[in-house]
Amino acid sequence: MVLLLGCSWSTVFVSSSVAAAILGAFVLIYVWFFYVDIPKIKGIPELASGELLAGHLYQLGEDHATTAEKWSSKYGWPVFQLRMGYRRAIMLNSFDSAYQFLVKNQSATIDRPWFYTFHGIVSATSAATIGTSPWNDRTKKQRRVVGSFTTAPSIQRLGPMLDLETCAVISGLYYDSQGGEIKMMPHVYLKRLSLNLMMMFCYGKRFATVTDPLLLQILSDANTISSFRSTNSNPQDFIPHLRYTAANKRTETAKVVRERRDKWLATMLKSVNESITQRVTPKQSVAEMLLRDSQEGLTELDIKTILGGLMSGGFETVFSTLIITIGVLSTKEGQLMQQRAYEDILSAYDSPEQAFEQSLAEEKSAYVAALAKEALRFYPPLKLLPARQTCKEFVYQGAVIPKGVLIYTNTQAVNRDKATYGRDADRFIPERWISKERDIPAPYQFAFGAGGRMCTAVNFSNRVLYAMLLRLIVAFEITESKEMPANTHYIDYKEDPAAQNAIASDFKVKLRARNPEMLERCFEQSQERSAQAMPDLPVEPLKR
Ligand code: HEM
């Protein structure tokens, strides 16, 4: 009996081990041949030890760009392949590889992938954005239309709005800091600047106070929506079975925020539509031009996609670049930069007052333009460019890159590549953009991306950054607060390392007006210009 029992137990044990081995083999065959969308690419190094279903997704940790940069330098691989769950991806970490993929082979890397959460849930009832749409005739047309709003003459037309908003930041900081007595956290002033610029550009509206409930709602929803585009907050995009588990809170949040966003987008479009029918004279908001447009044959979906793309593309990127630059300017080294910038401004314009006014028209101070460029290089707001997907095969250094593979460009690493920027690539030096000895090749830096899906608003953004930085430097001497100085380390400055858009942690600065009388004159002149150019918009109250 004992023998019989022993025999049956061992038989059971052997047969269950065999079953487990067969099951294991099946799982491996499935993962190897069927689960991963594209087989290993020959000639591109691959990271070892990915997890069975997640691949390297969780190993990338909270801060994907920083982990990828560390792997790249640890193994000496500027380009490597990895698995994001079921999707094969290539990570670009050097200037040259980003150039080869995005510029030289731009027709092969012009597409964007479809993601379950952002496209399938958040954008299911409304439009996605241009920046997240796959490449097709509709996206092509939308990019063409958007391009026409950011040409040089269109940017000139935006002058009055830029005047109003940049002046509102300076006057707000000036009066609220009470002659420099109160140390200021500049974040909310610049957040409103970015949102108002986009609101005025897109819908011809602005928020007069930083506490407006709709403003706060839009800011919060925009932040949540941008998290659905991030690589590290949406594992369900890469590990399909997670979409069906009951505890998927992300899907629920996506639905809630989608409904709210759809409502405020519809309300704003409706109000533009009504104002068109009530008014005879044309106005220049993008929404109004799109609604009036008959040549391009735009559908309502096109209009929503264009507006959604502009709002989301411009809002956080402009804000995050400006806020960290103010942080840098407040440091000891930054104070020297302010001095150099101020001297350069005085040599480029007849007077500080003239510089304040003309900063909107053209970029005359080479140093201020270089400061903005260096800020974009050193602190690119999107540390990983929004994913691309290859739409045809091409050869990179002997390796055949297949159609359908995900491409991530690590701007944090690419923009600090020593082979391009030299041994001081890890230092913030605006002068590198002025010095004739340095020969930095196009596209100079990758904060705006590159190639066929590069940001459509490079000139517009540069003008905003230039005008805001010049006006700040002409208005104030900025120094750091001892209690709450800015963290300017290129990795650690981020408030949330997992966010798609890198925003600097809170800090305070001391602002001493260089010349209060002149500044107040600048405010009054700006108000007069705004009242003339935009009579139906509320003028920013001066809190004297
Ligand atoms: C400092 C400011 C800005 C930065 C750093 C920035 C950065 C970027 C980046 C990295 C991309 C993706 C490019 C690629 O994949 O190669 C992008 C796309 C885009 N950006 Fe910007 N952007 C900025 C401001 C703006 C503004 C102000 C607007 C609108 C007025 C805007 C509209 C767009 C649009 C529509 C796209 C989608 C392009 C496409 O996929 O075809 N951006 N931007």
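Residues are numbered from 1 along each chain as its sequence is written, and side-chain values use heavy atoms, with hydrogens and water left out. Because the model is predicted, local features need pLDDT of at least 70 and side-chain atom pairs count only at pLDDT 80 or more, while totals for chains, interfaces and linings use all residues.

The ligand has 29 residues around it, and those that come nearest are Arg-112, Arg-143, Arg-388, Arg-453 and Cys-455. A residue is near a molecule if one of its heavy atoms lies within 4 Å of it. By class, this shell holds 17 nonpolar, eight polar and four charged residues. Here Ala, Val, Leu, Ile, Met, Phe, Trp, Tyr, Cys and Pro count as nonpolar, Asp, Glu, Lys and Arg as charged, and the others, Gly among them, as polar.

At least two shell residues come from each of helix 8 (187-203), helix 13 (300-330) and helix 19 (458-475). Helix 13 gives the most, with six residues. Helices (H or I, at least four residues) are DSSP runs, numbered from the N terminus.

The iron atom of the ligand has Cys-455 as its only protein donor, through SG at 2.4 Å. Donors are N, O and S atoms within 2.8 Å of the metal (3.2 Å for Na, K and Ca), and water is not among the atoms, so sites may look incomplete. Cys-455 lies in the loop between helix 18 (418-421) and helix 19.

A polar side-chain atom of Arg-143 is 2.7 Å from a ligand oxygen. For Arg-453, an N or O atom in the side chain is 2.8 Å from an oxygen atom of the ligand. Ala-450 takes part through a polar backbone atom, at 3.3 Å from a ligand oxygen.

A cavity is found on a 1 Å grid over the protein atoms alone, as a set of points where a 1.4 Å probe fits but cannot get out; lining residues have an atom within 4 Å of a point. Grid points are joined across faces, edges and corners, and a volume is the space filled by probe spheres set on the points. Across the whole structure there are five cavities of 30 Å³ or more.

The largest cavity holds about 780 Å³ of space. Its lining has 39 residues, with Gly-313, Gly-314, Thr-317, Leu-382 and Cys-455 closest to the centre. The ligand takes up the space of this cavity; a molecule sits in a cavity if more than half of its atoms lie within 2 Å of its grid points. Helix 5 (137-149), helix 8, helix 13 and helix 19 each supply at least two lining residues, and helix 13 gives the most, with nine. The lining has 19 nonpolar, 14 polar and six charged residues.

The second largest cavity has about 370 Å³ of space. Of its 32 lining residues, Arg-229, Ser-230, Thr-231, Leu-384 and Gln-500 lie nearest the centre. Helix 2 (64-75), helix 4 (116-122) and helix 10 (235-238) each provide at least two of the lining residues.

Two backbone details remain. Ala-442 and Pro-443 are joined by a cis peptide bond, with omega about 5°, and Pro-443 lies in the loop between helix 18 and helix 19. Gln-178, in the loop between helix 7 (159-176) and helix 8, has a positive phi near 50° although it is not a glycine.

Terms used. Polar contact = N/O pair within 3.5 Å; in protein donor to acceptor, adjacent residues only side chain to side chain. 1 Å grid on protein atoms, 1.4 Å probe; cavity = no way out; pocket = protein on both sides within 12 Å on 5 of 7 lines; lining within 4 Å.
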